[in-house]
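This briefing goes through one chain by topic. The sequence and the coordinates are shown below, and the notes follow them.

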Amino acid sequence: MVEANKIKDLSLGKKIRQIRIDRKITQQELVGDFITRNMLSQIENDIATPSIKTLQYIADHLEVPLSFLMVGEHDDEFNRNYEYDDDETIRAKARRLFFAGDYLKYIEIAEDNPQILDGSKEAAMFLSLACVEAASESFLSGNPDKCLEYCGKIRNCVYIMGELPVAGQLKRAADLYGFLCQPIITESGEEYITSKTSGINSNNFISMTFDGNGWCRYNITEAHRALKGGRPRESLEYLREADIFIKNYEKHPYRKELYKLFERAYLETEDYKNAHLYSSKILALYSGK
């Protein structure tokens with residue numbers, strides 16, 4: 001008889017075959033009227049892949065948990081199916097997704113299976129960390145509304161984490177992204193001073209983060225103030241620094257505000273060629289090109 005820990009390292013087909021032999025069950029006895037013997041032979045030789053329904057049937061008749069058959073390094077196509085899994089198996093699969101960097105899938109599984117959180121501080125921490133990554137990606141892809149949605153999930157997790165030291169850091173990350181998602185300049189042409197969600201204001205924001213988006217926001221705000229103060233060349237210096245960061249992200253939320261300020265600064269320095277260039281860039285953004 002092969003030891004259980006060694007069976008788990010086998011491919012799906014070889015795993016089924018080994019357990020069947022250990023149980024002294026013939027192929028004909030195992031298939032019954034559910035599948036053909038030829039199909040079972042193909043499955044055991046890793047030629048055919050059984051459906052979840054068939055795999056459940058085989059697991060029941062071999063008297064092993066479905067997860068015992070499904071989880072193995074050779075069984076990737078089953079690793080993300082959760083329909084028949086127990087909570088511990090779901091947790092294990094979800095953690096693999098997290099450490100593989102598939103944060104969106106991890107969040108989806110955690111939300112579809114709330115029992116894996118179930119008040120666990122560790123699970124809340126993993127979910128919160130995944131949401132921080134998802135919030136960052138959403139922001140940089142030009143979707144601040146989605147970013148704010150993930151910030152809300154982070155705050156919910158922080159509540160579960162209670163007094164864990166990391167909870168404060170994660171809450172700050174949510175607050176900072178909440179601030180980053182607010183407009184830089186209001187419709188009236190003034191700087192957007194205070195975050196509606198966090199109380200962070202433009203005077204202390206930059207001292208609280210080294211995030212590249214924070215520096216970018218700071219530079220755009222300072223460029224706007226320089227323009228209001230009649231210092232367009234100083235404004236251009238701030239804008240060029242912000243542009244170094246933004247140019248790496250095609251749909252960055254600050255791009256329109258940056259281009260509008262570039263256009264205005266170049267007009268005020270009478271550099272009409274560059275002013276026209278940024279007018280064209282603004283039109284392209286509004287047209288979705």
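Thr221 is in contact with Ile184 and Glu191, leaving aside its neighbours within four places in sequence. In this predicted model, Thr221 sits in helix H13, which covers residues 212-228. Thr221 counts as buried because its relative accessibility is 9%, under the 20% limit.

**Chain overview**

- The chain has 16 helices and zero strands.
- Of its 289 residues, 45% are buried.
- Among contacts with a separation of 6 or more, 52% are between residues 24 or more positions apart.

**Nonpolar cores**

- The largest nonpolar core holds 55 residues. Those that touch the most other members are Tyr106, Leu127, Phe139, Ile220, Leu239, Tyr254 and Leu258.
- Helix H9 (residues 121-140) gives the largest share of this core, with 11 residues.
- Another core, of 19 residues, lies apart from it; Leu30, Ile43, Ala59 and Leu66 are among its members.
- In soluble globular proteins, nonpolar side chains tend to be buried together.
- Phe139, not counting residues up to four places away in sequence, touches Cys147, Tyr177, Leu180, Cys181, Asn213, His252, Pro253 and Tyr254.

**Cysteines**

- How many disulfides does a search of the whole structure find? The count is zero.
- The closest cysteine sulfur to that of Cys131 belongs to Cys157, and at 5.6 Å it is too far for a bond. Cys131 is buried, at 0% relative accessibility.
- Cys147 is in no disulfide either, with the nearest cysteine sulfur, that of Cys181, 3.6 Å away.

**Helix H5**

- Helix H5 (residues 52-62) is mostly covered, with eight of its 11 residues buried.
- The buried residues of H5 are Ile52, Thr54, Leu55, Gln56, Tyr57, Ile58, Ala59 and Leu62.
- Glu63 follows H5 and has a positive phi, near 60°.

**Loop residue Gln115**

- Gln115 lies in the loop between helix H8 (103-112) and H9.
- Is Gln115 buried or partly exposed? Gln115 is partly exposed, because its relative accessible area is 28%, which falls between the limits of 20% and 50%.
- Not counting residues up to four places away in sequence, Gln115 touches Asp87, Ile90 and Arg91.
- Gln115 and Asp87 are 28 residues apart along the chain, and their C-alpha atoms are separated by 7.1 Å.

**Second largest pocket**

- The second largest pocket contains about 240 Å³ of space.
- Its lining consists of Pro183, Ile185, Thr186, Glu187, His224, Glu257, Lys260, Leu261 and Arg264.
- Helix H15 (residues 255-268) supplies the largest share of this lining, with four residues.
- Sorted by class, the lining has four charged, three nonpolar and two polar residues.
- Rolling a probe the size of a water molecule over the atoms shows where empty space is left.

Terms used
Residues are numbered from 1 along each chain as its sequence is written. This is a predicted model: local features need pLDDT of at least 70, side-chain atom pairs count only at pLDDT 80 or more; totals for chains, interfaces and linings use all residues. Side-chain values use heavy atoms; hydrogens and water are left out. On a 1 Å grid over the protein atoms alone, a cavity is a set of points where a 1.4 Å probe fits but cannot get out, and a pocket is an open set with protein on both sides within 12 Å along at least five of seven lines; lining residues have an atom within 4 Å of a point. Grid points are joined across faces, edges and corners, and a volume is the space filled by probe spheres set on the points. Helices (H or I, at least four residues) and strands (E, at least two) are DSSP runs, numbered from the N terminus. Ala, Val, Leu, Ile, Met, Phe, Trp, Tyr, Cys and Pro count as nonpolar, Asp, Glu, Lys and Arg as charged, and the others, Gly among them, as polar. A nonpolar core is a set of buried Ala, Val, Leu, Ile, Met, Phe, Trp, Tyr and Cys residues joined through side-chain atoms within 4.5 Å. Buried means under 20% relative accessible area, exposed over 50%, partly exposed in between (1.4 Å probe, protein chains only). Contact means heavy atoms within 4.5 Å. A disulfide is a pair of cysteine sulfur atoms within 2.5 Å.
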